[in-house]
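Hi,

Here is the structure I said I would pass on. Have a look at it first, and then read my notes below.

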Amino acid sequence: MTFNENDLKQIEKKGITLQDVNRQIQLFEKGLPFVNLKEAATLSDGIVKIEKDKEQAFIDLFENKRPNLSITKFVPASGAATRMFKFLFSFLKKYKPNNGTINSYINKNKANDMSLFLVGMEKLPFYDKVLQKTRDQHSDYEDYSNDKRIMAFITTMLDIDKLNFSFYPKGLLPFHKYKDHVATAFEEHLFEAALYGSSNQEANLHFTISEQHNHIFDEEFKRIEEIVEEKTNTKFNISFSYQKQSTDTIAVTADNEPFRNSDGSLLFRPSGHGALLENLNDLDADIAFIKNIDNVVVYKYEQDVAYYKKLLGGILLELQSQAFEYLELLDSGSVDEEKIIEIAEFLTQKLNVDLSEEFEKYATKYQIEYLHDKLNRPLRVCGMVKNEGEPGGGPFWVKDERGYTSLQIVESAQINKKNKLQKAILVNSTHFNPVDLVCGLKNYKGKSFDLKKFVDPKTAFISMKTKTGKDIKALELPGLWNGSMAYWNTIFVEVPLVTFNPVKTVNDLLKAQHQIT
């Protein structure tokens, strides 16, 4: 691909190499393969269920090792709240007061979201704030009809020149209303981290945010820092980072030519949450808990959530400790055949690693090298919840082009749904991924892994978008917990639904886990 001088300057300024850009264009030209599902991961076949009487032992292990660990809670938090209010924007666009009542609009459009919103709006955490602002803006509000009051409330909440809620990052919207204050999701993450993500009364949290929101996150932390630290007896070390421009990917036309903006410049786009692998890779932590910004609960449920986080942490530490012991033994060179078999069985039975059929034929020296390579990898323990129709990725056994199978979190967009067998595996899956991970980021010598070495680049996505009315192709990097962790050692553990309470629409704030009473 030939680029002009301005193109080369633009590419260099973003911190991308010309080789990277050409490689991305080749991916558009060649296309990317769908994953090859072997079967869904299920209980006793890829997903571990910890018996109730065994849970406490793992939690105790985590609690005992916690004081000597560097722990960070890693929270992707760049998302704007726009999608939370999608059905309300649709209502404002479609509803014409002269053509009928809001009730008739709901019936005609089967607008169940709108109906639920109106029934529950007084329970929303920001109801009082929006109502007060609405009254301030409309001096004759009390004389309005019910429909006109509703319209005034919604426009006050969403209009750019009023409260403009959809502009804010989801993490800074009011999420939970307590007796004496209203808490954001950001604040709830701090309270929750004190319960399981702290060590020696200190908690490290890292939020990936949009650069435009940096100052408002800083202001929110300053506002709540003293209160939260006093209530939790925990000091919080908060850090922020942005999705790096060097992870942006080039957009192309339908003919795989670089798409150009009206000023002739190349169009680069953010490459999805897979770009955050760079941010995770920059952390200096023994273990990291990963959880999305909108998956929080009111305080009375936080102990339940923390219980299962500690459980996952304990499972990781036990497996990691055994892996480290085996790695040191392999380094020593004093490994007999019996011990080699024991280590191989640990890999297959505990870490779900598919060993080569030729392994038994290898000379001892190569068996040791092979086992060392398979053991010396980042480790992740992922909570999985029963599938109740929520959107999102799921746990599957995936077969690669060499015939090896591994446990992977797969998004539906990666699956060829035109293939009946693949679609049947997807439809019959029993669990899905709530983004509930605990990750071991350091090796047995205490050095941080270079996480970029464990990515499967073929699990990137190509999606169709539009720009100024023209069709373009966009490239998303392998998802952070999908292909970006493809070559990690992976364990899936069933956790209850109480651990998964995302706020995808404003109406989710009406669910029990987001309400005080």
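I started with a helix pair: H3 and helix H12 (residues 299–332) pack at about 75 degrees, and their axes are 7 Å apart. That makes H3 roughly perpendicular to H12, since anything from 65 to 115 degrees falls in that class. On the H3 side, the contact is made by Lys52, Glu55, Gln56, Phe58, Ile59, Leu61, Phe62, Glu63 and Lys65. H12 brings Tyr307, Tyr308, Lys310, Leu311, Gly313, Gly314, Ile315, Leu317, Glu318 and Ser321. Sorted by class, the H3–H12 contact has 9 nonpolar, 4 polar and 6 charged residues. Before you go further, please keep in mind that this is a predicted model.

One residue of that contact is worth a click. Glu55 sits in helix H3 (residues 52–65), and with a relative accessible area of 6% Glu55 is buried. Setting aside residues up to four places away in sequence, Glu55 touches Ile50, Tyr307, Tyr308 and Leu311.

There is another helix pair to look at. Helix H4 (residues 86–94) and helix H6 (residues 112–120) pack at an angle of about 105 degrees, their axes 10 Å apart, so H4 and H6 are roughly perpendicular to each other. Here Phe87, Leu88 and Phe91 of H4 meet Asp113, Met114 and Phe117 of H6. By class, the contact of H4 with H6 has 5 nonpolar residues, no polar ones and 1 charged.

Now the rings. How many aromatic pairs does the structure hold? The count is 24 aromatic pairs. Among them is Phe207 with Phe240, a tilted pair at 6.1 Å centre to centre with 35 degrees between the planes. Phe207 is in strand S8 (residues 202–208) and Phe240 in strand S9 (residues 235–241), so this pair ties together parts that are 33 residues apart in sequence. Is Phe207 buried or exposed? At 0% relative accessibility, Phe207 counts as buried, whereas Phe240 is partly exposed, with a relative accessible area of 22%. Ring pairs also link Phe186, Phe207, Phe217 and Phe240 into a cluster.

The charged end of Lys148 is over the ring of Tyr144, 4.3 Å from the ring centre. The charged end of Arg149 is over the ring of Tyr141, 5.1 Å from the ring centre.

Then there is Lys14, in the loop between helix H1 (5–13) and helix H2 (18–30). Lys14 counts as buried, because its relative accessibility is 14% and the cut-off is under 20%. Leaving aside neighbours within four places in sequence, Lys14 is in contact with Gln245, Ser246, Asp248 and Phe268. If you want a distance for orientation, Lys14 and Ala486 are 472 residues apart in sequence and 27 Å apart in space, C-alpha to C-alpha.

Last, a couple of backbone spots. Lys110 is not a glycine but has a positive phi of about 50 degrees. Lys110 is in the loop between helix H5 (102–109) and H6, and is exposed at 68% relative accessible area. Val435, also not a glycine, has a positive phi of about 60 degrees. Its place is in the loop between strand S16 (431–432) and strand S17 (436–440), and Val435 is buried, with a relative accessible area of 5%.

Cheers

Methods:
Residues are numbered from 1 along each chain as its sequence is written. This is a predicted model: local features need pLDDT of at least 70, side-chain atom pairs count only at pLDDT 80 or more; totals for chains, interfaces and linings use all residues. Side-chain values use heavy atoms; hydrogens and water are left out. Axes are lines fitted to C-alpha atoms, for helices over the stretch in contact, and angles run from 0 to 180 degrees between N-to-C directions. Helices (H or I, at least four residues) and strands (E, at least two) are DSSP runs, numbered from the N terminus. Angles under 35 degrees count as roughly parallel, over 145 as roughly antiparallel, 65 to 115 as roughly perpendicular and the rest as oblique. Contact means heavy atoms within 4.5 Å. Ala, Val, Leu, Ile, Met, Phe, Trp, Tyr, Cys and Pro count as nonpolar, Asp, Glu, Lys and Arg as charged, and the others, Gly among them, as polar. Rings of Phe, Tyr and Trp (its six-membered ring) pair if their centres lie within 6.5 Å; planes under 30 degrees apart count as stacked, over 60 as edge-to-face and the rest as tilted. Buried means under 20% relative accessible area, exposed over 50%, partly exposed in between (1.4 Å probe, protein chains only). A charge sits over a ring if NZ of Lys or CZ of Arg is within 6 Å of the ring centre and within 35 degrees of the ring normal.
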